[in-house]
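Me: I'd like to learn how to read a few features of a structure. Could you walk me through them?

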Amino acid sequence: MLNTFMVYVENKPGVLTRVASLFRRRAFNIDSLTVGRTEKPEVSRMTITVDADGDQARRIEANLYKLVNVLLVENITNQPAIVRDLAMIRVAARHEARSHVFELANVFRARVVDVAPESLTLEITGGEDKIDGLLELLRPYGVLEMVRTGIVAMRRGSRSAGTNLTAENAAAGADSGTARDDVSYSV
Amino acid sequence: MTHPKNAPSAGKAKTETNTEKKTKTMTGASILWECLEREGVKHVFGYPGGAILPAYDALKHSKIHHVLVRHEQGATHMADGYARASGEVGVAVATSGPGATNMVTGMATAMLDSIPIVCITGQVGSKLIGTDAFQETDITGVTLPVTKHNYLVTHAGEIARTIREAFYVARSGRPGPVLVDITKDAQQSTCELDWEAAKPQLPGYRPDLSPAPAEYERALELIHNSKRPVILAGHGIIISGAMREVRDFAERAGIPVALTLLGLGAFPASHPLNLGMMGMHGEAWVNHTIQEADLLLAFGMRFDDRVTGTLKTYAPNAKKIHIEIDPAEIHKNVKVDVPLVGDLREVLLELMPHVESIDRSEWLDSIDKLKGDSAVRDIQNLPDSGHLYAAHVINDLWHQTRDGNTIVVTDVGQHQMWEAQYYKHEHPRTLITSGGLGTMGFALPAAIGAKVACPEAEVWVIVGDGGFQMTMCELATLVQENLKIHIAIINNGFLGMVRQWQEFFYDRNYAATPLLNPDFAKLAEAYGIRSMTVSERAEVVPAVEAARRHEGPMLINFKVEQEDTVYPMVAAGAALHDMIRRPSPIVETAEDE
């Protein structure tokens, strides 16, 4: 099954290579990996999705922790989380097809970000299923080009995993998932 | 520049002592040596070259003794042998490019056996990085998978903290090799050294884990309910320094102890509860005991494929308790029932007061029965019939040196397995061998490192004629350092272990295994080393004694039986109890199950 890991790492050169090399070396297959800045300049955050069973997922987590630059790993596969992917889709849209594409974009809350005589480019943000859905419906018109960012994820609730990334908190953080103030609602 | 410790006390020294100046301006190169000294380093093994020259230039001001090797691979194995013999961090130094890449095998060797070494390499100037400059290699990229951690240092100001972190990472938790790659300009430029301020900053590094109380409870329940338990004693016992605790535990709980190759010495060979070595070339009864056990207590070992055989049939009726410092080893090869993640010694100390003394004489008696006809199949109990068998040589060597302060350093192959079977190790750190990576050429340089670490020890190299020729250039290092090391070449004219596999599994097609060897006596003579050649059993003991009496190093060329075989053997991928046995002189058919 697809596991989603949030990985906090030190923002240092070469850390992405270390993480990617680990997955290759241990023969774990990365489905998607995104990396970017966080609210702290010294911390970067990765969202990694990987196909693994429960034992493998535990081993991935343990192996990630062996990397000296990894601060905190959270497997949020079975946790309430906000998960978002972004796609840009260039679709052939001539004559009457144009209005159909506009309509689909509206329904999916996608934005038209580029208009050309024979094509439209849509930008859509959402869960992977939603993007897959739009993509499926656009395919008959001719998808000329498509790019996706891979997912980024964040836990729901007010507790932020990375607020205090000291060694002790990080070690304990992975297990202490359910605090009282963790209640929140999807909006 | 002048080393601060030797700085002449000029007129202004007085004012400086008043303000107790904490920092001093030094070159990166001098900072490097000063930091190594502060980390307790007394010896380094290295080879100079362009990008590391500033560091070598500053070496003259340091108290550290530099051992000039003949190949950088040798430097890493020496650092490794030094670490294995002493328990301290070993240090190897090389230049950029080929110097650094030559160290890769040594780092991989140390990585797989969890040996703390720090490798320091020069790198081209930071402005030249990425330009394919002369002798430029991305060595931090190359060594990513074979180091515990590595660093590229481009500023003198980063050297102190990096060295402190490197030593801390190398020796803490599950130890391992750390590479520090320092650009030439970082070595040359100057900055202030403030040792106190250069504390390690490793917010993500957590080497000190300990199990939850509930896990201790579950472990104790399994131990107390077990009728047929076995301790699997690994290298972690030696790393953790838990020899005493393992012994206490085994004696109190009445549990027999099987050892991995790297565990040899962790539990005394002569102890009544010691079964011997397990695995591919383990004793038959040890493997049978594991297969029949109802509980395995894995102490600092990692269920390597060489000790488990096929996992499908491995210890099928046994519950498993795994005491291990590295969480990533839990459930890696063998699914365990109770993992206790932490330092072995601390975990055992926690466990010990709750362990009940249980009489397990029935189980121990039944293990005795498993020995069956092993004794009559043992080559030590067979007549030599005029042949010189390697197993006899090693057994005789053990008899002669057993009471001394002896460290045996082996290479890889048949002689290594015979050593493991017939040299009985009573103490930790008396066997130094490349287990995980199986690095041929390891023995001679590792022995040099061991001898430098323990000058009072009697160091014996046991090495095959193949592996010896991989790193024999280090004979020059041995002579240059005036080290008394004895070298026993087990010379069968073959790459013996590969030949054995060809005999069993490739229809005796001895492709590329026969060796045309040099005259080892003349070779030794060329280096100024005395040598002897032995081809009969009766000459073994006198040769060993002559070597021990001789004041310098000695090379003994044991010309042994060419097509000899290590028994028992579990074929790769076979079940642990499915062993190829030495044909019994009495029972004609092998009692394979």
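Reply: Let's begin with contacts: two residues are in contact if their C-beta atoms, placed from the backbone, lie within 7 Å. This is a predicted model, in which local features need pLDDT of at least 70 and side-chain atom pairs count only at pLDDT 80 or more, while totals for chains, interfaces and linings use all residues. Residues are numbered from 1 along each chain as its sequence is written, and chains are lettered from A and ligands numbered from 1 in the order in which they are written.

Me: Into which domains is chain B divided?

Reply: Domain bounds come from an automatic or database domain assignment. For chain B they give domain 1 (4–10 + 23–193), domain 2 (213–370) and domain 3 (390–563). In chain B, 24 residues of domain 1 are in contact with 26 residues of domain 3. On the domain 1 side of this contact, H4(B) supplies the largest share, eleven residues. Helices (H or I, at least four residues) and strands (E, at least two) are DSSP runs, numbered from the N terminus.

Me: How many residues of helix H6 of chain B are buried?

Reply: A residue is buried if 20 or more other C-beta atoms lie within 10 Å of its own, exposed if 12 or fewer, and partly exposed in between; these C-beta atoms are placed from the backbone. In helix H6 (residues 104–112) of chain B, nine of the nine residues are buried, so the helix is largely enclosed by the rest of the structure. Those residues pack against several elements of chain B, including helix H4 (72–86) and strand E5 (117–123).

Me: And what should I look for in the backbone?

Reply: Most residues other than glycine have a negative phi, and most peptide bonds are trans. Just after H6(B), Ser114(B) has a positive phi of about 55°. Phi of His95(A) is near 50°, and this residue sits in the loop between strand E5 (81–92) and helix H3 (96–107) of chain A.

Me: Is His95(A) buried or exposed?

Reply: His95(A) counts as exposed because it has 7 C-beta neighbours inside 10 Å. As for peptide bonds, Tyr567(B) and Pro568(B) are joined by a cis one, with omega about -15°.
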